[in-house]
Amino acid sequence: MEKRALVLGGGGVTGVAWEIGLLHGLAERGLDLSGADLFVGTSAGSVVAAQLTSGTPVAELYARELADTSGDTNAVFGTRALLGFVVAGLWPGDRAKGRARLGRAALKARTVPESERRTAIAARVQRDEWPAARLLVPAVDALTGEVRVFDRDSGVSLIDAVAASCAVPLVWPPMTVAGRRYVDGGVRSAANADLARDYDRVIVVAPLTAAVRRRDRPASQARTLPGRTAVISPTDAALTAIGRNPLDPSRRAPAAEAGRMQAAGEADRVRATWL
């Protein structure tokens with residue numbers, strides 16, 4: 001029996017909204033991806049994966065995005081954070097050392113308290129139990145740069161894992177999980193699509209596609225997978241709706257609506273890959 005995987009990449013609060021809108025639009029066309037055998041959720045994608053596997057109908061998740069514009073309006077994925085990702089991505093030799101350099105800078109950065117961020121994540125995820133479906137949530141150890149992939153056998157709570165994967169370095173604080181501090185799973189890869197390498201049919205939903213190294217881009221990772229794959233990223237119209245700051249909560253509704261509209265043009269490709 002063929003195994004299916006849904007990979008959900010990072011992209012801030014607007015990425016969450018766009019992904020949910022896209023998934024809702026696909027479900028409206030008879031393509032419900034919530035029955036995947038594996039979910040890989042990175043950063044914003046971990047929020048969506050946790051919500052999608054909770055049993056909450058995707059139509060309800062979509063309605064929440066339209067109604068809720070809460071969030072830290074002062075949070076900006078700025079030049080300093082972007083430069084940090086670039087340095088980590090270009091680091092020669094042992095790439096964990098480049099990630100650790102960014103992680104150590106994040107540990108020194110002045111941000112909000114960890115408790116405040118965990119509360120914000122908990123409000124989005126709303127449950128702390130891992131789902132029955134297999135869910136992988138990558139994050140990066142802030143001190144060593146090593147990648148940790150959390151799952152239900154890791155002995156940590158779902159909210160802690162998602163909070164760690166969403167800890168954008170230099171914007172949000174590294175999150176403590178089982179005594180270690182972690183930063184965003186997107187420091188390794190925007191989508192970590194290679195974690196679905198053992199699956200036959202893989203849909204990669206990637207709000208962010210840029211990477212310093214081509215091999216780290218979602219489409220490049222997808223091409224290395226042995227199964228049938230499709231990568232969906234925002235169209236130009238969707239990018240306009242999303243805006244320039246992926247952490248701007250006022251763009252949640254436009255991003256969600258854009259994702260739903262984009263689903264019409266993606267349905268045939270998804271159907272050919274998934275079914």
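Reader: At what angle do helix 2 and helix 7 pack?

Author: This is a predicted model. Helix 2 covers residues 44-52, and helix 7 covers residues 158-165. Their axes lie 7 Å apart. The packing angle is about 155 degrees.

Reader: Are helix 2 and helix 7 roughly parallel or roughly antiparallel?

Author: Angles over 145 degrees count as roughly antiparallel. Helix 2 and helix 7 pack at about 155 degrees. Therefore the two helices are roughly antiparallel.

Reader: Is the crossing of helix 2 and helix 7 left-handed or right-handed, and which residues make the contact?

Author: Helix 2 passes helix 7 in a crossing that is left-handed. Helix 2 brings Ser46, Val47 and Ala50 to the contact. From helix 7 come Leu158, Val162 and Ser165.

Reader: How many residues in the contact of helix 2 with helix 7 are nonpolar, polar and charged?

Author: Ser46 of helix 2 and Ser165 of helix 7 are in the contact, and Ser counts as polar. The tally is four nonpolar, two polar and no charged residues.

Reader: How many residues of helix 7 are buried?

Author: Buried means under 20% relative accessible area. The buried residues of helix 7 include Asp160, along with Leu158 and Ser165. Helix 7 is largely enclosed by the rest of the structure, because the count of buried residues is eight of eight.

Reader: Where is Thr42, and is Thr42 buried or exposed?

Author: Thr42 sits in the loop between strand 2 (38-41) and helix 2. Its relative accessibility is 0%. The cut-off for buried is under 20%, so Thr42 counts as buried.

Reader: Which side chain forms a polar contact with the side chain of Thr42?

Author: Setting aside neighbours within four places in sequence, Thr42 touches residues including Ser165, Ala191 and Asn192. The Thr42 side chain reaches the backbone oxygen of Ala191 at 3.4 Å. The side-chain partner, at 2.9 Å, is Asn192.

Reader: What separates the C-alpha atoms of Ala241 and Arg181?

Author: Ala241 belongs to helix 9 (residues 236-242). Ala241 is buried, at 14% relative accessible area. Leaving aside neighbours within four places in sequence, its contacts are Arg251, Pro254, Ala255 and Ala258. Arg181 is 60 residues away along the chain, and the C-alpha separation is 34 Å.

Definitions and conventions. Residues are numbered from 1 along each chain as its sequence is written. This is a predicted model: local features need pLDDT of at least 70, side-chain atom pairs count only at pLDDT 80 or more; totals for chains, interfaces and linings use all residues. Side-chain values use heavy atoms; hydrogens and water are left out. Axes are lines fitted to C-alpha atoms, for helices over the stretch in contact, and angles run from 0 to 180 degrees between N-to-C directions. Helices (H or I, at least four residues) and strands (E, at least two) are DSSP runs, numbered from the N terminus. Angles under 35 degrees count as roughly parallel, over 145 as roughly antiparallel, 65 to 115 as roughly perpendicular and the rest as oblique. A crossing is left-handed if the near helix is turned anticlockwise from the far one by less than a right angle, and right-handed if clockwise. Contact means heavy atoms within 4.5 Å. Buried means under 20% relative accessible area, exposed over 50%, partly exposed in between (1.4 Å probe, protein chains only). A polar contact is a pair of N or O atoms within 3.5 Å; within protein, one must be able to donate a hydrogen and the other to accept it, and residues adjacent in sequence count only if both atoms are side-chain atoms.
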